[in-house]
Amino acid sequence: MTMRTRTLGTTGLQVSALGLGCMGMSALYGEADRAESIATLHAALEAGVTLLDTGDFYGMGHNEMLIGEALRAAPAARREQALVSVKFGALRGPDGSWLGYDGRPAAVKNFAAHSLQRLGVDHIDVYRIARLDPDVPIEETVGAIAELVEAGYVRHIGLSEVGADTIRRAAATAPISDLQIEYSLISRGIENEILPTTRELGIGITAYGVLSRGLISGHFTADRQLGAGDFRAMSPRFQGDNLRHNLNLVEALRKIAEQKGVSVAQTAIAWVLSRGEDIVPLVGARRRDRLTEALGALDVTLDSSDLAAIEEAVPPGAAAGDRYPAAQMAHLES
C-alpha cells in the first residue's frame with residue numbers, strides 16, 4: 001500500500017487519499033476500547049493517513065480529547081503531518097439527547113475555543129458546522145469561521161450535509177475547501193445536484209459513511225445484536241425487511257469482490273475512490289485490523305468492466321430505508 005494524496009478544492013488543501021473518521025471511537029456504535037483506538041490512530045498516521053475527522057459533540061468532547069492524547073504520544077513527524085477536521089454546532093444534553101444546532105457567530109468562536117483546548121493544538125485545519133442552523137444564515141456562520149481563519153485559529157473552512165443553494169451562498173462568503181457528506185454505493189444522492197455544484201465551484205468532497213456504518217462492509221450479519229447506544233439500532237436501513245434487502249445487495253457485491261480476490265469493504269471503498277480525484281473517503285475504523293483492510297482499498301483497481309458489474313449489482317437507489325431516522329433527516333438539505 002502506497003498512500004497517495006488528493007487536493008480538496010481550489011483552496012489547495014492536500015490530504016491523504018483516505019481519511020480516518022474517529023466518531024466510532026467515542027460514540028454511537030457501542031463500546032470502544034480506548035487503548036485500541038489510540039493504537040489505531042497511531043497506525044493510521046504511520047501508514048500515511050493525514051486527515052483525522054472528529055466533532056466536538058462526539059462523546060461530548062471525548063473524541064477530541066482522545067485525538068489530542070494520541071497526537072501527543074505520536075512521534076513528532078507523524079504529529080506534524082496530522083490534519084484535524086472538526087465539526088461543531090450540535091447541541092447535546094447531559095443525557096446525550098440532541099437539542100438542535102447553533103451557528104451563531106459568537107457560538108462558533110466559543111465552540112472553537114473549547115476544541116482547541118481539548119485537542120491540544122493551536123489551530124484547527126478544517127472547521128465546519130455539522131448541520132445548517134435554520135435560524136442563522138449560512139453567511140453569518142461561515143463569516144465567523146473566516147474571522148477565525150484570519151486570526152490564525154483555523155486554516156480552512158468546510159461545510160457538512162448542505163444542499164446546492166447553501167453551498168453557493170457559503171462559497172460567495174469565503175473560500176470553501178470541502179463539503180463533508182455521506183456518499184457510498186448505497187447513498188448516491190449527491191450525484192444529482194450537489195456534486196456538480198461542488199465541482200463547478202472547485203470544492204472537494206470528504207465522503208463519510210463509505211461503508212454505510214458497516215452495512216456494506218461484508219462483516220455485518222442479519223442476526224447481529226445491537227446495543228441500545230448503537231445508532232444502527234434506530235437506523236431505518238438496519239431494520240427488518242430493509243436490512244434483509246440491503247444485505248442481499250452486499251452478497252451481490254461479495255461475488256464481484258471474490259472474483260477480484262479482495263474484500264467487500266475494499267471494493268466499496270475503492271468504488272468511492274474511483275469517483276474522482278476531488279473525493280476523499282473517510283473510513284471509520286476503530287481497530288487496527290479494520291484499518292489495515294480499509295487501507296488495502298488503495299491497491300484495488302476497478303476497470304470499466306468491474307464498475308459496470310458493481311453498478312448492476314448495486315444500482316443507484318437500490319438501498320431500502322433512509323440514511324437516518326425521520327427526525328434527523330429533517331435537518332439534512334441533501
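Which residues in H8 meet which residues in H11? Leu-249, Ala-252, Leu-253, Ile-256 and Lys-260 in H8 meet Asp-306, Ala-309, Ile-310 and Ala-313 in H11. The sections below place this contact among the other elements.

## Basis of the description

This is a predicted model, in which local features need pLDDT of at least 70, side-chain atom pairs count only at pLDDT 80 or more, and totals for chains, interfaces and linings use all residues. Residues are numbered from 1 along each chain as its sequence is written, and side-chain values use heavy atoms, with hydrogens and water left out.

Helices (H or I, at least four residues) and strands (E, at least two) are DSSP runs, numbered from the N terminus. Contact means heavy atoms within 4.5 Å. Two strands pair if DSSP finds at least two bridges between them.

## The barrel

A barrel is closed by 8 strands with parallel pairing, in the order S3-S4-S5-S8-S9-S10-S11-S12. On average, neighbouring strands of this sheet are turned by 30 degrees against each other, direction ignored. Strand S5 (residues 83-88) runs parallel to strand S8 (residues 124-129), and 4 bridges join them. Phe-88 has Ile-129 in S8 as its bridge partner.

S8 and S9 also run parallel, joined by 3 bridges. Here Val-126 stands opposite His-156 in S9. S9 is mostly covered, with 6 of its 7 residues buried; buried means under 20% relative accessible area, exposed over 50%, and partly exposed in between (1.4 Å probe, protein chains only).

Axes are lines fitted to C-alpha atoms, for helices over the stretch in contact, and angles run from 0 to 180 degrees between N-to-C directions.

Helix H7 (residues 194-201) packs on the sheet as well, touching strand S10 (178-182), strand S11 (204-208) and strand S12 (279-283). Its direction makes about 165 degrees with that of S10.

## Helix pairs

Helix H8 (residues 240-260) and helix H11 (residues 304-313) have axes that come within 9 Å and cross at roughly 160 degrees. H8 is therefore roughly antiparallel to H11; angles under 35 degrees count as roughly parallel, over 145 as roughly antiparallel, 65 to 115 as roughly perpendicular and the rest as oblique. The crossing of H8 and H11 is right-handed. A crossing is right-handed if the near helix is turned clockwise from the far one by less than a right angle, and left-handed if anticlockwise. The contact of H8 with H11 has 7 nonpolar, no polar and 2 charged residues. In these classes, Ala, Val, Leu, Ile, Met, Phe, Trp, Tyr, Cys and Pro count as nonpolar, Asp, Glu, Lys and Arg as charged, and the others, Gly among them, as polar.

Helix H1 (residues 34-46) packs with helix H2 (residues 62-73) at an angle of about 55 degrees, their axes 10 Å apart. H1 and H2 are therefore oblique to each other, and their crossing is right-handed. On the H1 side the contact includes Leu-41 and Leu-45, and on the H2 side Leu-66 and Ile-67 are among the residues involved. By class, the residues of the contact of H1 with H2 divide into 8 nonpolar, 3 polar and 2 charged.

## Leu-20

Leu-20 is found in strand S3 (residues 19-21). With a relative accessible area of 0%, Leu-20 is buried. Apart from its neighbours within four places in sequence, Leu-20 is in contact with residues including Leu-41, Val-49, Leu-51 and Leu-282. The C-alpha atoms of Leu-20 and Val-49 are separated by 7.3 Å, although the two residues are 29 residues apart along the chain.

## Hairpin and positive phi values

Strand S1 (residues 5-8) and strand S2 (residues 13-16) run antiparallel and are joined by 4 bridges. The bridge partner of Thr-7 in S2 is Gln-14. The hairpin of S1 and S2 has 4 residues between the strands, and in this hairpin Gly-9 takes a positive phi near 70 degrees.

Most residues other than glycine have a negative phi. Met-60, which is not a glycine, has a positive phi near 50 degrees. Met-60 lies in the loop between strand S4 (51-55) and H2, and is partly exposed at a relative accessible area of 44%. Ser-212, also not a glycine, has a positive phi of about 50 degrees. Ser-212 lies in the loop between S11 and H8 and counts as buried, at 1% relative accessibility.
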